[in-house]
Amino acid sequence: MALTISEKSRLMPASAIRKLVPYSDAAAAAGVKVYRLNSGAPDIKSPDCAMNAVKEKSQSLHHLSYTNSAGLMELREGLVEKYYKKIGIDIEVSELIVEVAGSEAFANAMQIVADPGEEIIVVEPYYTNYQTFTYLYGINLVAVKSDIHDGFRIPDISEFEKVLTDKTKAVLISNPCNPPGKLFTKEEMLAIGEFCKKNNLFLISDEVYREFCYTDEPHFSAMNIPGCEQNVILVDSVSKRYNLCGSRIGCIISHNKEVMAAAMKFAQSRLCPPVFGQYAAIGALDTPDSYFEEVKAEYIRRRDCCVEMLNAIPGVYAPVPYGAFYTVAELPVEDAEDFAQWMLTDFRFNGETTMITPARSFYKTEGIGKNHVRIAYVLEVPELKKALTVLAEGLKMYKETHQ
Ligand SMILES: Cc1ncc(COP(=O)(O)O)c(C=O)c1O
């Protein structure tokens, strides 16, 4: 028998967000300045208290051992008391397990609720890694559409009902949503909770962007849907909240004991979350409110600049996002992936280019999103302006040379 890798790994889709990295690396190695608007890795400083906690531990620790699989007790208690209580989410320490960031939390939540061949409903466009993990686990992701020309309005419950089958196990939402930047109102959350209760479905609520809401309405967590306690599984992360993406710390939370017992078995199978990441997260719990206020004000400036500049480019349409730090834009090209790659391989404007993410893989429905891109406004305004000017020039030249 020949030496072969598995079918599963051969067919596994590459990350749409990172797929173009070899081209951007090649451009950068050739001396081109690449503005990276492709990934949700912000340039904002992590809080000093988080970084200082890591520095102190690196001086005093003499042995890097495993921690409890559920995470250090100091972190679990700190999250419950100093963070969740403050934002109105009332949980016991036993209802939280520290995970290897939000990625492990939602991946495990999917495996906990569904077996191969079963279905999870999601609103599209969705975070593309949801698709990656359901692919790995043989779970079918079933999409309910939201439309760019309708400002990505959250679909009515009747749309969820239409795709319900006897294989449906859960609804998965991200609130605020990556990539369209939509927020679920309290009424929408209550309606989805009701739908899940009525049909005995789990509600996996990915709230990693909770701190990034740009309306006057407070964020409404799925944990606060009355009567839905046994259905809700919360996915959370310190990555975005404290600009600690590299710490790889997040958590899974549920009042459902069976869910938490299963989550613990998954946690034990990977032994423990990263130790220094946990110390960074413990330190981050002392982050002052002013940090979040400044970060939020900064994102609103970036969003406004981004949406205004995008919509000023002929043929481009980008609705205003109200949360997270992404926007989906429709471009006047046939194939946004070809355009995004061409920007990195062929196009230079004064020695610079811009990297964006083709958004097709954020959609399940065939034929949608081929001319959409996701833009992460993760650069400060002066850099963002340059990046979008380069993008506009690129679009102009691409249209001249390709259509
Ligand atoms: C909606 C959403 N959920 C979860 C994650 C996972 O992030 P992390 O694993 O860094 O917590 C991301 C990352 O971009 C995301 O956009």
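The model is predicted, and local features need pLDDT of at least 70, side-chain atom pairs count only at pLDDT 80 or more, while totals for chains, interfaces and linings use all residues. Residues are numbered from 1 along each chain as its sequence is written, and side-chain values use heavy atoms, with hydrogens and water left out.

**The sheet and its helices**

Let us start with the sheet: seven strands form an open, mixed sheet in the order 2-8-7-6-5-3-4. Its edges are strand 2 (96-99) and strand 4 (140-145), each pairing on one side only. On average, neighbouring strands are turned by 25° against each other, direction ignored. Here helices (H or I, at least four residues) and strands (E, at least two) are DSSP runs, numbered from the N terminus, and two strands pair if DSSP finds at least two bridges between them.

Strand 6 (residues 202-206) and strand 7 (residues 232-237) run parallel and are joined by four bridges; within this pair, I204 stands opposite I233 in strand 7. Helix 5 (residues 101-113) packs on the sheet, and its direction makes about 160° with that of strand 7. Helix 8 (residues 186-198) packs there too, touching strand 3, strand 5 and strand 6. Such touching, or contact, means heavy atoms within 4.5 Å, and angles run from 0 to 180 degrees between N-to-C directions of axes, which are lines fitted to C-alpha atoms, for helices over the stretch in contact.

**Around the ligand**

The table lists polar contacts, meaning pairs of N or O atoms within 3.5 Å.

| Residue (side chain) | Ligand atom | Distance |
|---|---|---|
| N178 | oxygen | 2.7 Å |
| Y209 | oxygen | 2.7 Å |
| S239 | oxygen | 2.7 Å |

Taken alone, the ligand exposes 400 Å², and the protein buries 94% of that. These areas come from the Shrake-Rupley method with a 1.4 Å probe.

**Backbone details**

N178 is also joined to P179 by a cis peptide bond, with omega about 15°. P179 lies in the loop between strand 5 and helix 8. Another cis bond runs from E124 to P125, with omega near 0°.

A101 in helix 5 has a positive phi, near 65°. Is A101 buried or exposed? A101 counts as buried because its relative accessibility is 1%, where buried means under 20%, exposed over 50% and partly exposed in between (1.4 Å probe, protein chains only). L271, with phi near 70°, is partly exposed at 41%.

Note on methods
A polar contact is a pair of N or O atoms within 3.5 Å; within protein, one must be able to donate a hydrogen and the other to accept it, and residues adjacent in sequence count only if both atoms are side-chain atoms.
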